[in-house]
Amino acid sequence: MIGAPLSKQTWLHHLPAGFKLLFIAGATVVFFWIKDPSVLLASLALVLLVYFALGREAVLRLKLFRFMLPILIIVGLFQFFASGPADALATVSRLALMVLLADLVSMTTPMMAMMDAFLPVLRPLRHVGLDPSQLALAFALVIRFVPVLLDDWLRRREAWRARGGSRGSWRLVAPWIAGLLRIADHIAEALDARGLRLK
């Protein structure tokens with residue numbers, strides 16, 4: 001899931017978090033069964049229409065998916081030589097669909113709503129000594145902040161290139177990790193202030 005929540009409420013915000021998460025799970029299963037690339041491409045077009053329906057802010061987020069292009073090209077070429085053009089197109093479309101759908105859920109679902117959606121599934125783990133609320137918080141944090149960290153890396157890389165650093169982006173790893181540690185400290189302080197610290 002790629003980015004932070006949308007700043008404005010949309011019609012997709014009003015759908016229950018549990019419904020959206022179940023939809024993603026079901027769509028993943030269905031799309032993996034579909035082999036026809038035309039069906040997958042049509043589904044991809046529908047998802048892109050949803051982005052446009054959510055407004056300009058959602059459409060601009062599509063730029064964040066540029067990092068996926070090399071991955072999709074490599075996967076597509078591998079499938080092309082291994083199974084042919086139809087399988088290559090189907091695989092690339094399927095991967096793009098999953099990431100875009102996941103981002104739609106992430107940017108229209110508050111973290112607390114995600115926690116509430118996870119809790120019913122995680123409650124049985126109480127019987128083996130695990131705290132369902134702590135696990136739900138951990139899952140929600142991963143879903144919310146992994147995309148934020150990815151976005152931070154992309155912005156650092158763009159700034160590096162703007163300064164003429166077309167190569168050697170490995171130099172960004174150390175300051176990026178330092179930034180991750182600062183973000184982790186801020187998150188820990190915020191959780192402590194709310195009595196939600198993970199143990």
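Trainee: Which residues touch the most other members of the largest nonpolar core?

Mentor: This is a predicted model, in which local features need pLDDT of at least 70 and side-chain atom pairs count only at pLDDT 80 or more, while totals for chains, interfaces and linings use all residues. Residues are numbered from 1 along each chain as its sequence is written, and side-chain values use heavy atoms, with hydrogens and water left out. A nonpolar core is a set of buried Ala, Val, Leu, Ile, Met, Phe, Trp, Tyr and Cys residues joined through side-chain atoms within 4.5 Å, where buried means under 20% relative accessible area, exposed over 50% and partly exposed in between (1.4 Å probe, protein chains only). The largest such core has 33 residues, and those touching the most other members are Phe31, Val47, Tyr51, Leu97, Leu101, Leu104 and Met107.

Trainee: Which helix gives the most to this core?

Mentor: Helices (H or I, at least four residues) and strands (E, at least two) are DSSP runs, numbered from the N terminus. At least two core residues come from each of helix 1 (17–33), helix 2 (37–54), helix 4 (68–83), helix 5 (85–107) and helix 6 (111–122). The one that gives the most, with nine residues, is helix 5.

Trainee: With which residues is Val47 in contact, leaving aside its neighbours within four places in sequence?

Mentor: Contact here means heavy atoms within 4.5 Å. With those neighbours set aside, the partners of Val47 are Leu97, Leu100, Leu101 and Leu104.

Trainee: What do the end C-alpha atoms of helix 6 show about its span?

Mentor: The expected span of a helix is 1.5 Å times one less than its number of residues. Helix 6 has 12 residues and should therefore span 16 Å, which agrees with the distance between its end C-alpha atoms, 16 Å.

Trainee: Which residues does Thr91 touch, not counting residues up to four places away in sequence?

Mentor: Thr91 lies in helix 5, and its relative accessible area of 16% means that it is buried. Beyond the residues not counted, Thr91 touches Val75 and Gln79.

Trainee: How much accessible area do Leu69, Ile73, Leu77, Phe80 and Phe81 have together?

Mentor: Ile73 lies in helix 4 and is exposed, because its relative accessible area is 52%. Patches are made of residues with over 30% relative accessible area and no salt bridge, like charges being joined within 9 Å and nonpolar side chains (Val, Leu, Ile, Met, Phe, Trp, Tyr) within 5 Å, and accessible areas come from the Shrake-Rupley method with a 1.4 Å probe, where for residues only the protein chains shown count as cover. The five residues form a nonpolar patch on the surface, and their accessible area together is about 550 Å².

How values were computed. Salt bridge = Lys/Arg side-chain N within 4 Å of Asp/Glu carboxyl O.
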